[in-house]
Every structure is written in structure tokens, then in C-alpha cells.
Amino acid sequence: YKGLQKEDIPYLNIADGVVLNLISGEFDAQRGAFESLSNIFMSTIEMNSQSKFDINVSTNHNIFFYVVRGEVVVNGKTASYRNLVEFNNDNDLIYIE
């Protein structure tokens, strides 16, 4: 176990009103706070209302997408807080608003 504080986690502004907190893995040439032994990418995403963005995720990867607060629309389907979003691994592009 390694304790981690918010100020220890690198973050990137990936769109207007969207912040990606990079916990593990690499995104846009930036490395996360943890080195993964099994090539895991982990992040949290903070969005302002009315923000939207898209992200490419290889169909070879599985995604754990859990809504912690509020409500988002992911690839045209609404997901509210405390819900897990499932993907079919049939498209590289994920659109979130």
C-alpha cells in the first residue's frame, strides 16, 4: 500500500472544463503517480456541467467506468451517480458529456 494525496497526482486539462487526474499509466506523454506492474491505466476525470470530450481507448483494453457524482452521457447513453458503464469493446472512441 502506498498512500497518495491529491497534490501527488499529476493532472491534465484535456478539454474545456475537463481535468484528468493520472493515477497510473501514461497519457499525453505524462506518467501517473504509480508505476503499474501489469500495464494498468487508472485515472479519475472531473467535469464541469456542459463540458464534453472524447477519448480513444483501444478495443483490446477493458474499461472500468464508474460514475461517482452527478450524471454523464457516455456514447449517447445516460449514466447517473453510483452506476457502472459497460462497453462492448467494439469502438475505440468514447464520447462523454
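This is a short chat about a predicted model of one protein chain.

Reader: What are the ground rules for this model?
Author: The model is predicted: local features need pLDDT of at least 70, side-chain atom pairs count only at pLDDT 80 or more, and totals for chains, interfaces and linings use all residues. Residues are numbered from 1 along each chain as its sequence is written, and side-chain values use heavy atoms, with hydrogens and water left out.

Reader: How many helices and strands does the chain have?
Author: Zero helices and eleven strands. Helices (H or I, at least four residues) and strands (E, at least two) are DSSP runs, numbered from the N terminus. Read from the N terminus, the order is β-β-β-β-β-β-β-β-β-β-β.

Reader: What does the radius of gyration say about the chain?
Author: The value is 14 Å, close to the 13 Å that the globule rule gives for 97 residues, so the chain is as compact as a globular protein of that length. The radius is taken over C-alpha atoms, and the rule is 2.2 Å times the number of residues to the power 0.38.

Reader: And what box do the C-alpha atoms fill?
Author: Roughly 35 × 30 × 25 Å, along the principal axes.

Reader: What share of the residues is buried?
Author: Buried residues are 23% of the 97. Buried means under 20% relative accessible area, exposed over 50%, and partly exposed in between (1.4 Å probe, protein chains only).

Reader: What about contacts between residues 24 or more positions apart?
Author: They account for 39% of the contacts with a separation of 6 or more. Contact means heavy atoms within 4.5 Å.

Reader: Charges next. How many positive and negative side chains?
Author: There are 7 positive and 13 negative ones, and the centres of the two sets lie 6 Å apart. Lys and Arg count as positive, Asp and Glu as negative; His and the chain ends are not counted. Each charge is placed at NZ of Lys, CZ of Arg, CG of Asp or CD of Glu.

Reader: Let's go local. Where is serine 24?
Author: Serine 24 is in strand β2, residues 18–24. Serine 24 counts as buried because its relative accessibility is 7%.

Reader: What does its side chain reach?
Author: The serine 24 side chain reaches the backbone oxygen of isoleucine 40 at 3.0 Å. A polar contact is a pair of N or O atoms within 3.5 Å; within protein, one must be able to donate a hydrogen and the other to accept it, and residues adjacent in sequence count only if both atoms are side-chain atoms. Beyond four places in sequence, serine 24 is in contact with Gly32, Phe34, Ser36, Ile40, Phe41 and Met42.

Reader: Serine 51: buried or exposed?
Author: Buried, because its relative accessibility is 7%. Serine 51 lies in the loop between β5 (42–47) and β6 (53–56).

Reader: Which backbone oxygen does the serine 51 side chain reach at 3.2 Å?
Author: That of aspartate 16. The backbone oxygen of glycine 17 is 3.3 Å from a polar atom of the serine 51 side chain. Leaving aside neighbours within four places, serine 51 is in contact with residues including Val18, Ile96 and Glu97.

Reader: Which residues does alanine 15 contact?
Author: Lys52 and Phe53, leaving aside neighbours within four places in sequence. Alanine 15 lies in strand β1 (residues 11–15), and is partly exposed at 24%.

Reader: What is phi at alanine 29?
Author: Near 65°, a positive value in a residue other than glycine. Alanine 29 is in the loop between β3 (26–27) and β4 (30–31), and is exposed at 71%.

Reader: And phi at asparagine 39?
Author: Near 60°, a positive value in a non-glycine residue. Asparagine 39 sits in the loop between β4 and β5, and counts as exposed at 68%.
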